[in-house]
Amino acid sequence: YLIPNHCRLVKLGIPSERESKEWFKRYEKQMPNTGEIVFFDRSWYTRALVESTMGYCSKRQYTSFMNKVVPWEKQKKEEGTEILKFYLSIEKGTQKVRIDKRQNSPLVYWKISENDLKGLHKWDIFTLYKEQMFKKTSYDESPWIVLNANDKKIAVLHALRYILGHFNYP
């Protein structure tokens, strides 16, 4: 029952060269206005996970991001932005089954990207970056909420339950 005028889904594509250098500015443009909810489908943490795993950012860019992300988030929170960080965790076998189903379905084949296919082969590297991200970027005011997403519908329900329990509302 969300009022569509008060919420947005933001799904940013591949960053331009300039956006890749000015990482946080790309997301600052999409931050919510007062009274608005913004859901990021892939957040600024793609730099810590996908970009680093796939070699789309340099080690210097990765290190810079990891050093700046917590202070940047804390500044956003001081400005009044609530940040909830969900990580939808799935097992490697579940991911493979989902990819196989998509590849063979005339209705959802378009959902597969080159990254999806390459990612299965880089699962261990991705896991290493994920663990580093959790360790360095989870803090009292904004911890990571890790949800088992092997069953998507249950994961969505858990995320909604968490969001509703987090805020006071009439």
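Rings of Phe, Tyr and Trp (its six-membered ring) pair if their centres lie within 6.5 Å, and planes under 30 degrees apart count as stacked, those over 60 as edge-to-face and the rest as tilted. The structure holds 14 such aromatic pairs. This is a predicted model in which local features need pLDDT of at least 70 and side-chain atom pairs count only at pLDDT 80 or more, while totals for chains, interfaces and linings use all residues. Residues are numbered from 1 along each chain as its sequence is written, and side-chain values use heavy atoms, with hydrogens and water left out.

**View 1. Phe24 and Phe65 form a stacked pair.** The ring centres lie 5.5 Å apart, with 15 degrees between the planes. Phe24 belongs to helix 2 (residues 23–28) and Phe65 to helix 4 (residues 59–78), so the pair ties together parts that are 41 residues apart in sequence; helices (H or I, at least four residues) are DSSP runs, numbered from the N terminus. Both Phe24 and Phe65 are buried, meaning under 20% relative accessible area (1.4 Å probe, protein chains only).

**View 2. Tyr27 and Trp44 form an edge-to-face pair.** Here the centres are 5.8 Å apart and the planes 80 degrees. Tyr27 is buried, with a relative accessible area of 2%, and Trp44 is buried as well, at 5%.

**View 3. Ala155 lies in helix 8 (residues 152–166).** Ala155 is buried, with a relative accessible area of 3%. Leaving aside neighbours within four places in sequence, Ala155 is in contact (heavy atoms within 4.5 Å) with Leu88, Leu147, Asn148 and Ala149.

Conventions. Helices (H or I, at least four residues) and strands (E, at least two) are DSSP runs, numbered from the N terminus. Buried means under 20% relative accessible area, exposed over 50%, partly exposed in between (1.4 Å probe, protein chains only).
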